[in-house]
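Dear colleague,

I am passing on the structure we spoke about, and I would be glad if you could look through it before reading my notes below.

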Amino acid sequence: MSTIQSVAAQDEQHPDVALVERVRGGDVAAYDTLVRKYERQIFRIAQHITQNREDAEDVMQDAFLKAYEKLDQFQGNSKFYTWLVRIAVNESLMRLRKRRTGKLVSMDEDVPTDEGSVPRDFADWAPNPEQNYNQSELAEILKKTIQGLPPGFRVVFVLRDVDGLSTEETAETLGLSIPAVKSRLLRARLQLRERLSRYFKRKTPAASPATAAPRGNGVEA
Amino acid sequence: MTCTEFLKILDDVIDQSIAAETRIEIETHLRKCGHCEVVLNTTRKTIEIYQCHEIYELPTEVSERLHTVIMAKCKKA
């Protein structure tokens, strides 16, 4: 039985491991495959941390180059992607530090706040509420809402809920404890829910037809 | 189960990492508490919306530039 399990475990080896081995063997095209696979996620994470398009582009490039240079240091005891994200998070924080003229920036700097962590808005949402807005309005709402979170909450939410990393992987990537990740994730989810409720809640019967249909009304300040 | 107790395990409920016996307590609480039911459903919807809508699209020209630079530097290294 244990033999079957170990064979199965070998068969389940992550496809990135083979790509990393090929890169180590001098196959540059294999690295291009890895870059194409993860460029969108790395760009998204860099954008969420730096909040600046130009910085995010630089971070993405620097992170992939640094990962290539340091590939020999990749142990393989974590996924290549989580290792890469860790590099991208550090590059993003360095970029922020430069913008803040040397002020220390880390994922630990946010003092956890109770603000927005206790639900206050209990109005139910309209069915498929996002359909009441066009694509650009919705993107603006989602961007504005998540930008209002402290950076440490924002990154945990993105890694855990958008990228689908496990709690353990998120903790390892950000250098946080598992309880810290759990606490930030709960607060991030609740704060986002509370803020989105302004846009998505079901209109009361007393509302006029004009206010009941938000399409085209733009995004509230 | 109280609302405060429910809120403490909200993430576990969403991530479906709840023991069977606790699940029954939760279902009983949700049948009685409309507020907690709304919080659960709308928090789930919040996550779903962020998963389904990319707010920072990587432009094609940025992607192409990235590949050109990286491939050039990797070949030199």
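This is a predicted model: local features need pLDDT of at least 70, side-chain atom pairs count only at pLDDT 80 or more; totals for chains, interfaces and linings use all residues.

The domain assignment divides chain A into domain 1, residues 2-99, and domain 2, residues 129-212. Between them, 11 residues of domain 1 of chain A are in contact with 12 residues of domain 2 of chain A. On the domain 1 side of this contact, α3 and α5 of chain A each supply at least two residues, and the largest share, 5 residues, comes from α3(A). By type, the residues on that side of domain 1 are 4 nonpolar, 5 polar and 2 charged.

Turning to the two chains, the contact between them takes 36 residues from chain A and 28 residues from chain B. The elements of chain A that give two or more residues to the side touching chain B are α3 (28-50), α4 (53-69), α6 (135-147), α7 and α9. The residues on this side of chain A comprise 20 nonpolar, 3 polar and 13 charged.

Finally, helix α8 of chain A covers residues 167-174, and its buried residues are E169(A), T170(A), A171(A), T173(A) and L174(A). These buried residues pack against three helices of chain A, namely α5 (80-99), α7 (151-162) and α9 (178-200). After α8(A) comes G175(A), which has a positive phi, near 70°.

With best wishes

Definitions and conventions:
Residues are numbered from 1 along each chain as its sequence is written. Chains are lettered from A and ligands numbered from 1 in the order in which they are written. A residue is buried if 20 or more other C-beta atoms lie within 10 Å of its own, exposed if 12 or fewer, and partly exposed in between; C-beta atoms are placed from the backbone. Helices (H or I, at least four residues) and strands (E, at least two) are DSSP runs, numbered from the N terminus. Two residues are in contact if their C-beta atoms, placed from the backbone, lie within 7 Å. Ala, Val, Leu, Ile, Met, Phe, Trp, Tyr, Cys and Pro count as nonpolar, Asp, Glu, Lys and Arg as charged, and the others, Gly among them, as polar. Domain bounds come from an automatic or database domain assignment.
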